[in-house]
Amino acid sequence: MINVTSPYLPDIEKLYSYIQSIYDSGYLTNNGPLVHRLEERLKAYLGVKHVILTANGTMALDIAYTALHLKGEVITTPFTFVATTNSLVHAGLKPIYADIDPETFNLDPANIEPLITDRTTAIVPVHVFGNACDVESIETIAKKHNLKIIYDAAHAFGVRYGENSILNFGDISILSFHATKMFHTIEGGAIVTNDDTLAKEIRIIKNFGIDCPDTIKTVGINGKMNEFSAAMGLCVLDDIDIIIQRRKKIHDTYKQKLEGFVEFQSQNPKATQNYSYFPILLKNEREMFLVQKSLEEKGIICRRYFHPSLDTIPYMDSAIEMNISRDIAKRILCLPIYPSLDLEDVERIIELTKKVLHARID
Ligand SMILES: *Cc1c(COP(=O)(O)O)cnc(C)c1O
């Protein structure tokens with residue numbers, strides 16, 4: 001069976017040696033030596049000032065909102081994994097959806113400004129499938145209205161915007177290191193910021209609000225990453241170039257051979273790609289189901305990332321229908337992409353997809 005993704009498993013001997021070091025130190029969690037080492041290596045690799053590791057990406061979002069003292073309404077995208085919306089609801093904030101751009105699938109900056117009220121405190125855009133948002137336009141709007149920006153960069157590991165890491169935009173960016181993401185720590189996440197004061201505050205919040213022993217400064221949470229997760233991260237990071245290379249090869253094969261048969265997400269020309277997903281857009285929902293089913297019959301699992309559009313979920317009462325997001329959500333399908341996927345299987349997926357589409361044309 002071929003799944004839409006498969007977690008990267010690094011050399012087990014290397015992982016053993018890190019686990020041996022955990023046994024030797026007896027340090028299992030609480031900002032241990034491996035967490036510290038992974039933070040340092042990620043700072044260097046990503047080219048950012050502060051990396052604060054967390055238990056997962058959802059926790060990273062939650063801590064970011066707490067650290068920025070957000071209240072009221074937050075403008076965000078309906079076309080993303082549900083964790084983006086849920087983290088806002090959990091934090092007592094009201095997500096206000098702005099529709100996406102039909103080409104990039106990212107929050108369309110033109111739709112943000114009309115939704116700003118005196119209750120709006122922040123914008124939470126997502127670099128969906130690793131495609132960099134129009135960060136300059138979003139920044140201009142945020143500055144004009146004195147709003148914070150938290151980028152959900154769960155898909156954007158390693159993406160660069162011009163000479164800079166994409167993670168250096170906004171007040172905070174968050175990453176997810178879940179097993180299915182391109183870089184992972186089994187479960188995990190990170191908060192990235194350039195602001196020293198904010199970084200300090202975030203470290204306190206993720207440690208129950210405890211500043212130093214016997215000093216409780218604020219309402220915090222247990223947001224820590226453990227040493228076993230950091231060990232996995234250190235091993236996966238060693239192989240990141242191979243991971244990206246293999247993904248690129250699969251991506252390029254799909255792109256070249258499916259051109260003209262399906263539509264692709266248009267990429268921000270100022271940014272690099274990390275090949276974390278391979279979404280295709282079909283003509284309509286029926287065609288999407290035909291492709292999905294015929295691949296499934298051959299044991300190939302594609303996923304409807306991201307369906308449904310979040311403005312349709314039962315606990316969200318969006319004031320405006322997100323027509324573009326709803327349309328894209330119905331027609332999109334993510335094809336399998338992961339480092340150990342054989343190119344022969346990729347060719348098979350391409351042929352099967354084309355066969356369905358030919359049948360439709362005839
Ligand atoms: C995976 C993901 C998250 C949540 O990250 P976890 O580490 O699974 O908590 C948040 N936002 C987006 C867009 C994601 O894809």
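The side chain of T193 reaches the backbone nitrogen of D195 at 3.1 Å. This distance, like every value below, comes from a predicted model. The side chain of T193 has a polar atom that lies 3.0 Å from the backbone oxygen of D171. T193 itself is part of strand β9, which covers residues 189–193.

Is T193 buried or exposed? Its relative accessible area is 2%, and the limit for a buried residue is under 20%, so T193 counts as buried. If its neighbours within four places in sequence are left aside, T193 is in contact with K49, H50, D171, I172, L198, A199 and I202.

Strand β1 consists of residues 50–54, and five of its five residues are buried. H50, I52 and T54 point one way from β1, while V51 and L53 point the other way. In a regular strand, side chains alternate between the two faces of the sheet. Which strand pairs with β1 over five bridges? That strand is β9, and the pairing is antiparallel. Within this pairing, I52 has I191 of β9 as its bridge partner.

The ligand is the next topic. It is surrounded by 14 residues, and the closest of them are T58, D152, H155, S176 and K181.

| Residue | Atom in the residue | Distance to a ligand oxygen atom |
|---|---|---|
| G57 | polar backbone atom | 2.8 Å |
| H155 | N or O atom in the side chain | 2.7 Å |
| K181 | N or O atom in the side chain | 3.2 Å |

On its own, the ligand has 380 Å² of accessible area, and the protein covers 92% of this.

Another part of the model holds an open sheet of three strands. Their order is β12-β13-β14, with antiparallel pairing. Which strands form the edges? They are β12 (263–264) and β14 (332–335), each of which pairs on one side only. Strand β13, made of residues 278–281, is joined to the antiparallel strand β14 by four bridges. In one of the pairs between these strands, L281 has I332 of β14 as its bridge partner.

Two helices are placed against this sheet. Helix α10 (residues 323–331) packs on the sheet and touches β12, β13 and β14. The direction of α10 makes about 45° with that of β14. Helix α8, residues 240–258, also lies across β12, β13 and β14, and runs at about 15° to β13.

The loop between α9 (285–296) and α10 contains S309. How much relative accessible area does S309 have? The value is 3%, so S309 is buried. The side chain of S309 takes part in a polar contact of 2.4 Å with the side chain of D311. A further polar contact, at 2.7 Å, joins the side chain of S309 to that of S325. Leaving aside neighbours within four places in sequence, the residues in contact with S309 are P78, M322, S325, R326 and A329.

Methods:
Residues numbered from 1 in each chain as written. Predicted model: local features only at pLDDT ≥ 70, side-chain atom pairs only at ≥ 80, totals over all residues. Heavy atoms only, no water. Pairing = 2+ DSSP bridges. Contact = heavy atoms within 4.5 Å. Axes fitted to C-alpha atoms, helices over the stretch in contact; angles between N-to-C directions. Buried < 20%, exposed > 50% of the residue type's maximum accessible area, 1.4 Å probe, protein only. Polar contact = N/O pair within 3.5 Å; in protein donor to acceptor, adjacent residues only side chain to side chain. Near = heavy atom within 4 Å. Areas by Shrake-Rupley, 256 points an atom, 1.4 Å probe, with all protein chains shown as cover.
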